[in-house]
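Please consult the sequence and structure shown below while reading.

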Amino acid sequence: MTQAKKSTNTGPLLIIAAPGLVYLLINNYIPMLGIIIAFKNVDFGKGILNSDWCGLKNFEFLFKTNDAYIMIRNTLLYNLVFIILGTVCAIMIAILMYEVVTSFCSKVFQAGLILPSLISMVVVSYIVYAFLNTETGFINTSILKPLGVEPINWYAEAKYWPFILVIVQIWKTAGYSSIIYIAAIAGIDPSIYEAARIDGAGKVRQIFCITLPQLKPTVVIMVLLAIGHIFSSDFGLFYQVPMNSGSIYNATQTIDTYVYRALMQLGDIGMSSAAGVFQSIVGFVLVLGANYFVRRVDPDSALF
Amino acid sequence: MHSTNTSGDRTFKTFAIVFLSLLTVCAFLPFLLIVVTSFTSEKSIVENGYKFLPDRLSFEAYTFMLAQASVIFRAYAVSIGVTAVGTAASMLITTMLAYPMSRADFKYRNVLAFVVFFTLLFSGGIVPSYIMWTRAFHLRDTYLALIIPTYLMSGFNVLMVRNYYKFNIPSALIESAQIDGAGEFLIFFKIMIPLSVPVNVTIGLLTGLAYWNDWINALYYISKPQMFGIQNLLIRMMNNLQFLTSGQANGLVNVAIDIPTNAVRMSMAVIGVLPIVIGYPFLQKYLTKGVVVGAVKG
């Protein structure tokens with residue numbers, strides 16, 4: 001019976017899967033082949049396939065510019081800070097949340113802490129603008145003015161942006177990232193705490209000697225996965241939140257914003273595709289590498 | 001779970017409540033600022049800046065917005081339409097691809113799983129995609145450009161639905177339907193789609209949120225402002241408030257002068273975030289579920 005079905009179900013099931021497959025083929029796989037653009041001198045008159053190969057010339061041009069250094073430095077350093085601070089904040093929230101998990105407050109806390117992760121970067125940019133704009137922003141008019149400090153032109157001064165972007169990122173993501181750690185803490189065997197309590201360990205002791213060590217596999221996995229994406233950045237955070245302000249590119253340019261600007265504002269397909277392909281390939285290697293290490297730590301948590 | 005009986009435990013719990021209250025206030029205050037300032041009189045903003053406790057409240061921003069309702073409603077209609085069509089189409093093709101992959105007796109299930117999974121590992125990036133969508137598919141300045149690129153299907157969601165079928169639907173159910181003479185299409189559309197409702201609520205919300213919040217597709221593919229959804233209208237308004245009035249054929253010059261610019265900006269942000277706040281209780285429940293269930297493997 002099942003033997004007979006096996007041979008007849010292939011066709012219908014493939015037909016059911018077809019629309020999704022066609023979409024993946026077009027949306028994902030054709031652009032993967034499109035990385036050849038970075039190795040060509042694209043001439044739309046000839047078509048992409050018939051354009052002349054130019055080897056690594058696009059990459060040579062790209063890495064000779066100062067932009068390449070700035071965007072790679074920014075992408076890596078911001079991600080590094082996001083990973084470290086983001087993980088610490090998420091775990092801290094999770095531990096505290098689990099402490100009050102049964103009370104009514106926990107619903108309110110969770111609702112408040114997750115809300116920022118649901119809004120678009122455009123709305124975030126409005127909120128940041130409400131705080132930072134020079135003439136009427138909250139910081140300049142309600143904090144600096146009473147202190148007698150001259151108003152700061154935030155959108156023109158690069159030195160403040162590393163702090164601003166880190167605060168915005170943590171504000172937006174910490175609540176949401178804590179969910180996974182709350183789930184992990186909920187999975188810890190309660191008898192371990194029971195035993196610790198009988199032995200007289202206080203709350204703080206329990207956190208450092210039980211909760212944190214028990215969370216280690218989850219932390220390692222989340223961090224490794226984040227490292228896999230250390231060459232990507234949230235385009236909205238680095239483009240829209242600083243309002244695309246040219247004078248602070250030094251602090252806000254990442255690979256993603258560079259690709260957009262080179263492609264759409266300069267129309268430079270060679271440079272933008274070189275930066276994009278560099279990001280894709282390094283990202284791919286990093287994801288594979290991260291997965292390799294995850295598998296060594298905990299095979300069940302490896303992606304593949 | 002663990003009873004709080006010692007005084008140390010109680011102290012810690014109090015500390016947790018106080019600290020989390022502070023964090024929650026920090027998370028929420030920025031929203032309060034945009035809401036309050038949207039109800040502040042323009043004169044008060046110009047004199048004292050954006051404040052949590054303004055001297056004079058006013059509805060002038062919203063009165064002004066009401067006069068420009070056609071531009072705002074248009075953008076809302078675009079956003080709602082794109083979100084509705086995109087989410088529905090996404091749920092359908094995601095489920096259609098996920099179901100065959102969940103069938104243990106389907107010959108190509110592992111091939112499909114790899115095809116889906118690989119898209120999570122490697123991407124060609126935006127440049128080839130942009131060239132393909134604009135030059136081969138001519139999506140520029142079409143509403144399809146807001147729906148099709150990037151968001152229509154995510155490999156992550158496909159694997160989530162696949163796992164849902166795999167671990168929740170017994171194969172005996174399919175076999176008994178086959179014995180009753182049902183073909184694959186009938187089984188899928190009459191039995192499997194209705195059974196997928198719980199997981200489809202989660203991926204529908206994730207996808208709907210992504211469409212509602214998206215402004216990047218329009219940034220790349222749309223140059224006509226009248227085709228903007230609410231997010232891109234917000235971006236445009238940040239630079240140029242006059243855009244709101246420029247749509248009016250009788251746009252008298254003095255209209256522009258009276259715009260309560262600072263308050264209107266914030267009222268636009270409120271309007272942009274409103275649907276999310278309204279749908280929030282619902283969203284929160286399923287999104288937290290999605291994170292925990294979403295431990296997806298290839």
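## Helix α10 of chain B

In chain B, helix α10 (residues 184–195) holds the buried residues B:Glu184, B:Ile187, B:Phe188 and B:Met192. Viewed down the axis of α10(B), these buried residues fall within an arc of 95°, so they line one face of the helix. The arc is that of the directions from the helix axis to the C-beta atoms. The face of α10(B) turned away from the buried side carries the exposed residues B:Phe185, B:Phe189, B:Lys190 and B:Pro194.

A residue counts as buried if 20 or more other C-beta atoms lie within 10 Å of its own, as exposed if 12 or fewer do, and as partly exposed in between, with C-beta atoms placed from the backbone. Helices (H or I, at least four residues) and strands (E, at least two) are DSSP runs, numbered from the N terminus.

## Basis of the model

The model is predicted: local features need pLDDT of at least 70, side-chain atom pairs count only at pLDDT 80 or more, and totals for chains, interfaces and linings use all residues. Residues are numbered from 1 along each chain as its sequence is written, while chains are lettered from A and ligands numbered from 1 in the order in which they are written.

## Chain B overall

Chain B contains 17 helices and 0 strands. Of its 298 residues, 41% are buried. Among contacts in chain B between residues at least 6 apart in sequence, 71% join residues at least 24 apart; two residues are in contact if their C-beta atoms, placed from the backbone, lie within 7 Å.

## Nonpolar cores

The largest nonpolar core has 150 residues. Such a core is a set of buried Ala, Val, Leu, Ile, Met, Phe, Trp, Tyr and Cys residues joined through C-beta atoms within 7 Å. The residues with the most contacts inside the largest core include A:Ala94, A:Tyr126, B:Leu234 and B:Ala269. Helix α3(A) gives the most to this core, with 12 residues. Apart from this core lies another, of 6 residues, among them A:Ile221, A:Met222, A:Val287 and A:Val294.

Leaving aside neighbours within four places in sequence, A:Ala94 is in contact with A:Ser178, A:Tyr181, A:Ile182 and A:Ile185. A:Ile84 is found in helix α3 (residues 66–99) of chain A. A:Ile84 is exposed, with 12 other C-beta atoms within 10 Å.

## The interface between the chains

The contact between the chains takes 75 residues from chain A and 85 residues from chain B. Helix α1 (residues 2–33) of chain A gives the most to the side of chain A that touches chain B, with 20 residues. That side of chain A divides into 50 nonpolar, 21 polar and 4 charged residues. Here Ala, Val, Leu, Ile, Met, Phe, Trp, Tyr, Cys and Pro count as nonpolar, Asp, Glu, Lys and Arg as charged, and the others, Gly among them, as polar.

## Domains

Domain bounds come from an automatic or database domain assignment. For chain A the assignment gives domain 1 (1–55) and domain 2 (59–123 + 170–301). The centres of these two domains of chain A, taken over C-alpha atoms, are separated by 31 Å. In chain A, 4 residues of domain 1 are in contact with 5 residues of domain 2. The side of domain 1 of chain A that touches domain 2 has 4 nonpolar residues, no polar and no charged.

For chain B the assignment gives domain 1 (7–60) and domain 2 (67–293), and 32 Å separate their centres, taken over C-alpha atoms. The contact takes 9 residues from domain 1 of chain B and 7 residues from domain 2 of chain B. On the domain 1 side, α1(B) gives the most, with 4 residues. By class, that side of domain 1 of chain B has 4 nonpolar, 3 polar and 2 charged residues.

## Positive phi angles

Most residues other than glycine have a negative phi. A:Asn244, although not a glycine, has a positive phi of about 55°. A:Asn244 lies in the loop between α10 (235–239) and α11 (249–252) of chain A and is partly exposed, with 19 other C-beta atoms within 10 Å.

B:Asp141 also has a positive phi, near 55°. B:Asp141 is found in the loop between α6 (126–136) and α7 of chain B and is exposed, with 12 other C-beta atoms within 10 Å.

## Confidence

The predictor gives the complex an ipTM of 0.91 and a pTM of 0.91. Chain B averages a pLDDT of 87, and 89% of the residues score at least 70; pLDDT is the predictor's confidence in each residue, from 0 to 100. Among the elements of chain B, helix α15 (residues 253–257) has the lowest mean pLDDT (47) and helix α7 (residues 144–147) the highest (97).

Over residues 247–256 of chain B the pLDDT is below 50, and this stretch has 7 contacts in the model beyond near neighbours in sequence. Where pLDDT is low, the predicted coordinates should not be read in detail.
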